[in-house]
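Me: I have a structure to look through and some quick questions. Can you walk me through it?

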Amino acid sequence: MDELKKKRLFDSAASPLIAILAALAVGAIVMLLTGTNPLYAYKEMFTKSFFKPYYLAETLVRSAPIMLSGVAAATAWRAGYINLGMQGQMCVGGLVAAVMAIYLPVHSLWGTALCILGGMAAATLIALIPTYLDYKFNASLIITTLMLNYAINHITNYFVAYPMRDTAGDGMAQQSVQIEQSLRFFRFSNKNAMNTSVFIAILVVILMYFVFTKTKFGYESKITGLNKNFANYGGIKSMKTMFQTMALSGALSGFAACIEIFGVRYRYVNSMFSSTGYAWTGLMAMLIAGYNPLLTLVYSIFLAGLNIGGTALQRTVGVPMQIADIIQCCITLFISVNFLYEFNKKRSGKCRKKVGKRWETGGVA
Amino acid sequence: MGDRRRRMNNLYLAAVINTTFRYTTPVLFAALGSLACTKCAVFNVALEGQMLAASFVAIVANYYTHNAFISLLAGVAAGAFVAWIVAVFQIKWKVRDMVVGTAMNLLVQSVTAFLMQAIFGSRGTVQGFGMVPLTKINLSFLKFSPFLYRMFEDLSTIDYLGYIVAVLIFIYFYKTVSGFHLLSVGINADAADSLGIKSQRIQIWAMVFSGILCGFGGVVHAMGNVTVFAENMTSGRGFIAMGAASMAQSHPLGAIASSLFFGTALSLSKTLQGYINSYFTEAIPYLCTVLAITIYGVVISTQRRKATIKM
């Protein structure tokens, strides 16, 4: 038993490490092909994401919306409902929160809270539209959530291009005016972007860990994800779980957007959530973490660091910053296979063949 | 005067139909690829990535060779290659389809953006460089009617090929032995295995085939009209195609109809730009997709209800 536990612990620690190293190797090959020294590039990348205070602050601030949207995705995915619409939900949540902050006479902490609640409510409603369509009309959640991303992105961009556009300055940038000073999250110093939003995000993620593991809702959604029929048989109302998980997922996405707006940008900018790809990075982080919020937090910080390092790399070395995305997708792909398991299976398969027993049963693993 | 204006309007309509045909082709190819996978019980989410890879590689090949045919082959090969990777992950190593699909779509998106900067040194779009478009066909026997002539003006060979491939796939599925084998894998892979059909191999080949089809779609998308590549230029067409395939209930001939519907939505989003703000028209195809699969769901559920009442 002890041996088994030790082996399992080793596997759970080793397979992400192997995946990350393999992905970094892929990144190195790509960089070699473009004629860059990968060792130098990686050194640059990691010092300019984790090992200098300014960049570390950038990384942490960047990781906040990523971990929240990652947990938002995990909430829905672990219950078996594939929500790909975090990006659209973030757009709507962010826009509504920004509109409230700009046009309503709200001030200070309570004002911020009110705006965030408004944004979360809007994002929740947007997440519930595809849920309702799936529940009532069997319209595939995957397609509808993803299609709404594109539609919402275009429509929200309309608002900052026309009615809400900031005409001050040269007026070229498609963005709204800035929100009031008292509504912003507290910034610790003027030297870097570090602000309270990061801690709030981390707290929410830890809270979600307890929701996932210690509450009735968390248990029910997990069972629904594992086996819908069994959940039904056990008396879990799948409709209720579906709407609850999707609503929570939407609310968390909306919260992620608000964190970005009240903590970093202070305004709604054209395509601010689609061009940055927070939602997708969050999705990757949560897939690497296997739906676990605490691990999602860790991997979000890591992936945010890759992104920040990637932008630094583009500035200094001239390697396109998409190298960070390439590495991130490779990690997800490699970790999804669980090469250790495959390797062990192959080895034991060989052993069994020697003994003369049939191991392979057709195509069924 | 009135007569002339009517003729102008007619020609405008013909131009809109022409655009519709152009926008239909990529969706049709990808929808056929999607249903080829669905028919043997594989859920292919990476259509988008396969198309985008094909578009990009076709443009790169075009940049170096200035030969439309070589670009086409290169693009199709790229689509097939991406599909093969997805197949190995999804079918051989049993990774969840959604995980491989989304990761692969994002990977292709970032790899193409990366290589675009590495090769062309530009961000955003690649255009010009003396790149050639696909060979255009003009049906001169339609000259007698300006309307019909305009309707089919400057379509490429691949645009016509889409419909032919749909019919060929229909024949393959329902009239040939190996097509039946493929369908049997979709109905019950274990049963098919027990009868000596290598289900896994068929599934992998179906995936690669879908990659080839998406490759055609991607190449047409990049080189059919204006020869251009833009970052993430497929913008959800793979998923629109998934919607088209599911609306057609994975029937190849039905896919023609549903793809034409989405082609119309896509072309409307361009032609309505003169009348409605472009931010809203850009959203039309996506909202249409949501609406269409919802209506499809309503129709199917009422049909089922009627069927159960009859029983």
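Here is our chat about the chains, their contact and some single residues.

Me: What kind of model is this?
Reply: It is a predicted model.

Me: OK, chain A. How many helices and strands does chain A come to?
Reply: Chain A has 14 helices and zero strands.

Me: What radius of gyration does chain A have, and what would a compact globule have?
Reply: Chain A has 22 Å. A compact globule with 365 residues would be near 21 Å, so the value for chain A agrees.

Me: And what does the C-alpha trace of chain A span along its principal axes?
Reply: About 80 × 60 × 35 Å.

Me: How many of the residues in chain A are buried?
Reply: Buried residues make up 49% of the 365.

Me: What share of the contacts in chain A is between residues 24 or more positions apart?
Reply: It is 76%, counting contacts with a separation of 6 or more.

Me: Let's go inside. Which residues have the most contacts in the largest nonpolar core?
Reply: A:Leu68 and B:Ala31. That core has 208 residues.

Me: What is A:Leu68 in contact with, leaving aside neighbours within four places in sequence?
Reply: A:Leu68 contacts A:Ala201, A:Val204, A:Val205, A:Leu252, A:Phe255, A:Ala256 and A:Ile259.

Me: New topic. How many residues does each chain give to the contact between chain A and chain B?
Reply: Chain B gives 43 residues and chain A gives 39.

Me: Which element of chain B gives the most to that side?
Reply: Helix 4 of chain B, with 13 residues. Elements of chain B that give two or more residues also include helix 9 (199-223) and helix 13 (284-310).

Me: How do the residues on that side of chain B divide into nonpolar, polar and charged?
Reply: There are 25 nonpolar, 14 polar and four charged residues.

Me: Back to helices. What should helix 13 of chain A span?
Reply: Helix 13 of chain A covers residues 322-337, which is 16 residues. At 1.5 Å a residue it should span 22 Å. Its end C-alpha atoms are 23 Å apart, so the two agree.

Me: Is helix 13 of chain A mostly covered or mostly open?
Reply: Mostly covered. In helix 13 of chain A, 15 of the 16 residues are buried.

Me: What comes just after helix 13 of chain A?
Reply: A:Asn338, which takes a positive phi of about 60 degrees.

Me: Why point that out?
Reply: Because most residues other than glycine have a negative phi.

Me: Where else is phi positive?
Reply: B:Lys94 is one of the places. B:Lys94 follows helix 3 of chain B, and its phi is near 55 degrees. B:Phe129 also has a positive phi, of about 55 degrees, and is not a glycine. B:Asp154 is not a glycine either, and its phi is positive at about 60 degrees.

Me: Where do B:Phe129 and B:Asp154 sit?
Reply: B:Phe129 is in the loop between strand 1 (125-127) and strand 2 (136-137) of chain B. B:Asp154 is in the loop between helix 5 (146-151) and strand 3 (155-156) of chain B.

Me: Is B:Phe129 buried or exposed?
Reply: B:Phe129 is exposed, because it has 12 other C-beta atoms within 10 Å. The cut-off for exposed is 12 or fewer. B:Asp154 has 14 C-beta neighbours inside 10 Å, so B:Asp154 counts as partly exposed.

Me: Now B:Ser269. Where is its place?
Reply: In helix 11 of chain B, residues 252-271. Helix 11 of chain B has 20 residues and reaches 28 Å from its first C-alpha to its last, close to the 28 Å expected.

Me: Is B:Ser269 buried or exposed?
Reply: Buried, because 22 other C-beta atoms lie within 10 Å. Other buried residues in helix 11 of chain B include B:Phe261, B:Phe262 and B:Leu266.

Me: Which residues does B:Ser269 touch, leaving aside its neighbours within four places?
Reply: B:Ser269 is in contact with B:Thr281, B:Glu282, B:Ile284 and B:Pro285. B:Tyr279 is ten residues from B:Ser269 in sequence, with 9.6 Å between their C-alpha atoms.

Me: Last one. Where is A:Asn227 found?
Reply: In the loop between helix 8 (216-226) and helix 9 (228-233) of chain A. A:Asn227 is exposed, with 12 other C-beta atoms within 10 Å. Its C-alpha is 49 Å from that of A:Val317, which is 90 residues away along the chain.

Terms used
Residues are numbered from 1 along each chain as its sequence is written. Chains are lettered from A and ligands numbered from 1 in the order in which they are written. This is a predicted model: local features need pLDDT of at least 70, side-chain atom pairs count only at pLDDT 80 or more; totals for chains, interfaces and linings use all residues. A nonpolar core is a set of buried Ala, Val, Leu, Ile, Met, Phe, Trp, Tyr and Cys residues joined through C-beta atoms within 7 Å. A residue is buried if 20 or more other C-beta atoms lie within 10 Å of its own, exposed if 12 or fewer, and partly exposed in between; C-beta atoms are placed from the backbone. Two residues are in contact if their C-beta atoms, placed from the backbone, lie within 7 Å. Helices (H or I, at least four residues) and strands (E, at least two) are DSSP runs, numbered from the N terminus. The radius of gyration is taken over C-alpha atoms; the globule rule is 2.2 Å times the number of residues to the power 0.38. Ala, Val, Leu, Ile, Met, Phe, Trp, Tyr, Cys and Pro count as nonpolar, Asp, Glu, Lys and Arg as charged, and the others, Gly among them, as polar. The expected span of a helix is 1.5 Å times one less than its number of residues.
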